Amino acid sequence: MTEAAKPESERRKFRAIKGTRDILPPDSALWNWFEKTARSVMESFNFGEIRTPIFEETELFARAIGADTDVVAKEVFTLQARPESVQRAELLREAIHRIGDVKHELRVTRLLQHLTVFVRYLQIALQQGHLPKDAANLHNVGLLERGLKEAGQLWKSGSTQPESYWNGLFEKVKRIADDIRFESAERTSGVSELDLEPTASLRPEATASVVRAYVEHRLDTRPGDQKLYYIGPMFRRERPQKGRYRQFYQIGAEVLGTSDAPAIDAELIEMLTVLLERCQIEKYTLLINSIGCADCRPKYVELLRAELRKPEIFERLGADSKRRVETNPLRVMDSKLPEEQEIIDTKLPKISEHLCADCKTHYEKLKKELRLRAVPFTESPRLVRGLDYYMRTTFEITSPILGAQNALCGGGRYDGLVELLGGPKGIKGIGFALGEDRFIDAIQEARLGEQATKIHAVRPVDVFVAWMGERAYPTAVRLARVLRGEKHAVELPPEELKFRKALERADKMGARYVLIIGDDEIASGQLTVKRLADGKQEKIAEEAVVDYFRGAR
Ligand code: HAM
């Protein structure tokens, strides 16, 4: 039996995929109102709109946001141009390259961790036939397996090898990893261009794309700072709950240029507060912090790690934080676990007390600039943010009306990202993104929502054209077009309705006027207009209809 022939109850129904949703009228009117308001605020600060693709090379996100962050490691939706095992292996290869110049012990721990998973994915890819089983690949995977085994045992046994041994191993692993070939000969010779493209992922955020576009289009050659904003959907494979979706919407702004003047940071934050004010959201807190720079942050991180390793602290940490002591101790500051709160607040060193002189001055000036703009703020030494590109200023706006997912927006400075993505040296950047879904909740909560929705919902139709009889129809079609040209919202029923039915429908739609065209009206050239608010009815000449409704706005 065909699907259509089955009774309705047996026909397959589709639902929006978990973590995604539809935005329907009249809610969509509120979304449009909000976007219009945000555009107007940002344009008043001289920002121009940038639109970037919603998918980009996976490596762009790995490099910009950090291969080790939750967003890239767990939440990115990758388009299946390549099998999962190959994608993961590629990400890990990038992560190994990015381990960077950290303290010896940490470097070895990270190398061993990444290498373990890298080798596992390579083995899976080989098994499933997704990695060419040629002599070179088999040899290289074998080398990595043996190297990992030996190094793992050495390290566990409390290695006495000199640092140079591990440095040598590190370089060797990078070289061998680079020699692994992911494309098979048949695949590359075999046709589909799509297969040859690098893997692509749906964007989990847009800063990486904006910076990519800045570099690609040489926006640094344009005069002055580039002030760009964007509005659009982002995608993260998170556990869905209220305020957290897998497709969500952000409105964001980025400033890119040669200056890192704290006034830029402050103006950006001021712009957000103007938007909050326009939306009549009063219950919010602006949190600010400085997370230092490449000079002072590594020293602080080591200090923090040493503190976290102390048994009296370490034993009180949850499993995630225990792991992060080695992988990314800054993120411990971010933990929401109730039993860790006291430790974080009272026992751990604060980054603000360990900033270098330049970062300290920058942070002090930022606070001064915010005061100058009468923007109230709360300093939060715990605000470290979850993406790797940040340095110095970080900020977030939270609202108690949102519940567990209380961040309305977040942002910060990312000097160095342009360079990391292949752009010119010395370009600084700062930006934010606000969660539109959460802003809409907050607006609704702040009551303005009701008003804003009503503005659209109560007045979706200005003129309902109630036509009766075949002779009236051509006039109705013509007048509907003329009135729509005048920007009135006009409803023209596609089929003739009895007079009473037409009035009922106009009423249900919340129409303001009913333009009645029947045989009598056609014969006399005098149309009837009924105002639904008070039932007042009058006759107007057909030629006067446009003027009449202009005056009725
Ligand atoms: P983010 O903190 O990851 O920053 O996200 C910004 C905002 O997007 C959050 O504060 C939240 O309101 C919203 N958001 C994030 N994930 C979800 C989700 N799953 N569901 C609903 N809303 C969500 C960034 O994305 C950075 N690119 C911000 C930035 C721009 N930094 C510098 N420039």
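## Around D415

The side chain of D415 makes a polar contact with the side chain of R413, at 2.8 Å. Polar contact here means a pair of N or O atoms within 3.5 Å; within protein, one must be able to donate a hydrogen and the other to accept it, and residues adjacent in sequence count only if both atoms are side-chain atoms. The D415 side chain also reaches the backbone nitrogen of G429, at 3.2 Å.

This is a predicted model, where local features need pLDDT of at least 70, side-chain atom pairs count only at pLDDT 80 or more, and totals for chains, interfaces and linings use all residues. Residues are numbered from 1 along each chain as its sequence is written, and side-chain values use heavy atoms, with hydrogens and water left out.

As for its place, D415 sits in the loop between β9 (407–413) and α17 (417–420). Helices (H or I, at least four residues) and strands (E, at least two) are DSSP runs, numbered from the N terminus. D415 counts as buried because its relative accessibility is 12%; buried means under 20% relative accessible area, exposed over 50%, and partly exposed in between (1.4 Å probe, protein chains only). Setting aside neighbours within four places in sequence, D415 is in contact (heavy atoms within 4.5 Å) with D260, M391, I427, K428 and G429.

## The eight-strand sheet

Strand β9 belongs to an open sheet of 8 strands with mixed pairing, in the order β1-β4-β5-β10-β9-β8-β6-β7. At the edges are β1 (48–49) and β7 (378–379), each pairing on one side only. Two strands pair if DSSP finds at least two bridges between them.

Inside this sheet, β5 (residues 247–257) runs antiparallel to β10 (residues 428–435), and the two pair over 8 bridges. If you want a spot to look at, E254 has G431 in β10 as its bridge partner.

## The five-strand sheet

There's another open sheet, again mixed, with 5 strands in the order β12-β11-β13-β14-β15. Its edge strands are β12 (490–491) and β15 (537–541), each with pairing on one side only.

β14 (residues 526–531) and β15 are antiparallel partners over 5 bridges. Here Q526 has A541 in β15 as its bridge partner.

L79 comes from the loop between α3 (70–75) and α4 (84–97), and counts as partly exposed because its relative accessibility is 33%.
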